Every structure is written in C-alpha cells, then in structure tokens.
Amino acid sequence: MRHPRPGRPCLNTLVCGLALVAAAFSAHGREAPPPASVVTAARMLDVRSGRVLENVQVLVEGGRIKQVAHGPGAAIVAPDVRRYNLGDVTLLPGLIDMHVHIDSDPTYSGYSYLQFNDRFWSAVSVTHAQKTLMAGFTTIRNLGSDDWNDVGLQQAIDEGRVQGPRIVPAGYAFGATGGHCDSTYFPPSMHDRNAYNADNPDEARKSVREVRKYGAQVIKICATGGVFSRNTESGQQQMTYAEMKATADEAHMWGVKVAAHAHGASGIRDAIRAGVDTIEHASLLDDEGIRLAKQFGAYLSMDIYNTDYTQSEGAKNGVLEDNLRKDRELADVQRENFRRAHAAGVKMVFGTDAGIYPHGDNAKQFAVMVRYGMTPTQAIQSATINAADALGRSDVGILETGRYADIIAVPGNPAQDVTLLEAVPFVMKGGVVIKSD
C-alpha cells in the first residue's frame, strides 16, 4: 500500500484517500481493448430495416464494429486477426432490457428477505448480472436499487472486476411518502422510509440532484401505486403533475432521462404530459393515454411476461396474497392494452421487470409480445434499436460501424421464431467472446 510520500505518515485524510484510489486504479484499471476479430455467419438481422442479410462478416477493432460486409462473395480482408466462423446462425445486436432490478431475487419475497444482511443483495447481484449477460442481454437499465447496489455493480463491471452487461443505473427510485417507491411494509416504530421521498416540486428537484450526484444515469419515479408494495392500489395516482413536471424538467436540464412507474390511467397521462421519457408497466392505459404517448413521443415499457412466473411461484416465494391479488387483476388488462397501444403505433421498448422473476429468463417475454400483436422482428426491435433510441445512445442496439461489438448469435432465424432467443449460444460484448457453445 502506497502513501503519497514514501516512508512518511499520511497527515491529510483526503489526500491519503485520493492517493489510495489512484494507486488502486493504476493497479487494477480497465482492461486493454480486445484484439481485432472477424465474426462470420450465414445471416444477420438488420434491426434498422428489419431485413435478414445473408452471408455476413463483421470486423471488430478496439471493441467496436469497424466494418460489416454481406452478400455473395462478401469477404473482409484482415490478416492476423481472430476469426469466429459461426456457420448456420443469425447474428443480432446484444439485447437491451429497459426495466430490471438486478439486486432483487424473487425467491425471497414478502418479508422473507429480512433474514439477510443488507450486503447480501450486493453479492447476489453479481450472479444476476452474469446470468443476464449469458442470456444475450448486453445492456440493461436498472430502475431502482437499494444501497446504490446498481451503481456499484455498474462500476465494477466497467472496471473489468466482474462480468455483466452494460448498466444504466437509477440508484434509488423515489415518489410520494407512503407511495409505491417508499417503504410500506413496516410499522412507524421502525421508521423505515425512502430518504428521497418527494412531496412537492422542490423536493422532487432536490431528489433528482441527489441521486444523480451519487451515480444515477436515469431517474425513476413512482407516479402511481404498485403491485408489489403494501397499502397502495396500483391505479392510484401518487405524484402530482407538478411534481412529475419538476422531476422531468430538472433531470432533462442535467441531461438525464426519466422513467415513471405508472399503472393507473391518470398517472400515465400526467407523466406523459410532464415530459417523462418512458412509462413503465402502463397497465391501465386508456385511449387518451395512447393519444398522448403518440403526441409526446413517449415510449411504453410493458412487462407482460412476468405474471406467468408470479402467479405460479409467488406464493411459495413469500409474496403476500394482497400483492398476488393485484397481480391477477392487472395481468390480462395490461396485455390487452399492450396490444391496443402497439396497434395504434405507440413507441414500445422491451422491459421485463426482471427480479420479479429470475434473472436470465428475460427473453421469455418475446413470445408473449408476439402473442399480443407484434411480429418477431418488431419484438426484437423493441429490445435493440428502439431501446437504444429511448436510452439516447448511439453506441449500442445495432450492428453497424462505430457501435460497440455487442453481438449475439442463435441458430435458425429469430425473425421467424422469436423463441430461439430463449437459448443464446454465442455472446460477444465489446469485442470479447463471453459465451460460445
């Protein structure tokens, strides 16, 4: 361990701390860019056009895509590079899940999670991240975490210390006192509350500034009640339009996007009018909400798979009956509203609420999206090009020059059978092969 001046005691705590951080970074800094490579496959899904391209080669340099060639006789001349000849498979961009809770484990639900120390959740999130990446999801947006677990995990992944997807963290989600984003399971003697509760516009602005200060790259608010909270009904609006408008204005001033948990129709409408970028769940969406989403260009992120898991496994995992009751009441309504919104041309992104069901099963939602109106290609676009646009990122979501070499491959053609994405045998992230079965 090095001191700022060898052989002398550290007299300034701050200086010593900074010196130790610098020493650690120099010893364990980010890994060097991977060597150049060429990935060859029979097909590639161009998510921008929706076309399946034949006979594809992708040149990767410095962790990014340098060139894409396709068609008869396509060949990339690049001597002395690694070559991955994958054969009769389809290449796709690494998938993006816009709504996960990486430090949540559904097998400990209700009050059962209290048997563990707070740091337990930091540890299990590492395994969750690995499972998610192995499933072909190379980018996730984590919409709410305790103890800054998602920010810490994102930093550890970016530093190459643990394996996982690119993470866009929200840190602490916040909303009204007593609402879905607050702690609602305990008596007043425990004084358990969300430190970032926002009960007026000024508090909302301050909470945006504080969570962004500590690493949030997206702001998550709870506009309405929720399924897996106590003493809140899912359709109840819990933040006012003024509070949501202050949140969105403040976040956008800092260059940060906003996601709003919103099941109820009035909360959905006010969140869209307030300038929120993505509406999460949108279960009780009405015609006016659909019209506003189209008018304002808001994206809907509707988690229409997870109720299959919660209704079959929730009770044994400790989910309270009142939560299961709300889940049952919303399930079919949400799915039909997904169908209506998609048919109306509302912009949609892929968000699963992973953590309510096991991490790594994210791709099971694709089949449900197809069942409720999307084509397989549209479902895949929701988890690639659409998601990248909603994130405001031009470095992920498409296999084209300049973007990260986040590449997955599956046998067959997922544009015809989207269930092929439930078992991804090849995953590359940033030019590094993570999985190759």
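## Alanine 282 and its phi angle

Alanine 282 is buried, with a relative accessible area of 0%. Buried means under 20% relative accessible area, exposed means over 50%, and partly exposed lies in between (1.4 Å probe, protein chains only). The model is predicted: local features need pLDDT of at least 70, side-chain atom pairs count only at pLDDT 80 or more, and totals for chains, interfaces and linings use all residues. Residues are numbered from 1 along each chain as its sequence is written, and side-chain values use heavy atoms, leaving out hydrogens and water.

Alanine 282 sits in the loop between strand 12 and helix 7. Helices (H or I, at least four residues) and strands (E, at least two) are DSSP runs, numbered from the N terminus. The phi of alanine 282 is positive, near 50°, although the residue is not glycine. Most residues other than glycine have a negative phi.

## Aspartate 80, another positive phi

Aspartate 80 is also not glycine, and its phi is positive, near 60°. Look for aspartate 80 in the loop between strand 3 (64–70) and strand 4 (82–85). Is aspartate 80 buried or exposed? Its relative accessible area is 83%, so aspartate 80 counts as exposed.

## Helix 6 and its cover

Helix 6 covers residues 265–274. Its buried residues are Gly267, Ile268, Asp270, Ala271, Ile272 and Ala274. An α-helix has 3.6 residues a turn, so residues three or four places apart point the same way.

What covers the buried residues of helix 6? The cover includes helix 5 (241–253), strand 11 (257–262), strand 12 (278–281) and helix 7 (287–296). Glycine 275 follows helix 6, and its phi is positive, near 100°.

## Serine 229

Serine 229 belongs to the loop between strand 10 (218–222) and helix 5. Its relative accessibility is 2%, so serine 229 counts as buried. Leaving out residues up to four places away in sequence, serine 229 touches His180, Thr184, Tyr185, Asn323 and Lys326. Contact means heavy atoms within 4.5 Å.

The side chains of serine 229 and histidine 180 are joined by a polar contact of 2.7 Å. A polar contact is a pair of N or O atoms within 3.5 Å; within protein, one must be able to donate a hydrogen and the other to accept it, and residues adjacent in sequence count only if both atoms are side-chain atoms.

## Valine 100

Valine 100 is part of strand 6 (residues 95–100). Valine 100 counts as buried, because its relative accessibility is 2%. Not counting residues up to four places away in sequence, valine 100 touches Ile140, Arg141, Asn142, Leu143, Thr352, Ala354 and Asn362. The C-alpha atoms of valine 100 and alanine 170 are separated by 10 Å, and the two residues are 70 residues apart along the chain.

## The whole protein

The protein has 12 helices and 17 strands. Its C-alpha trace spans about 70 × 70 × 45 Å along the principal axes. Buried residues make up 53% of the 437 residues. Take the contacts with a separation of 6 or more: residues 24 or more positions apart account for 67% of them.

The radius of gyration is 22 Å, which agrees with the value near 22 Å for a compact globule of 437 residues. This radius is taken over C-alpha atoms, and the globule rule is 2.2 Å times the number of residues to the power 0.38.
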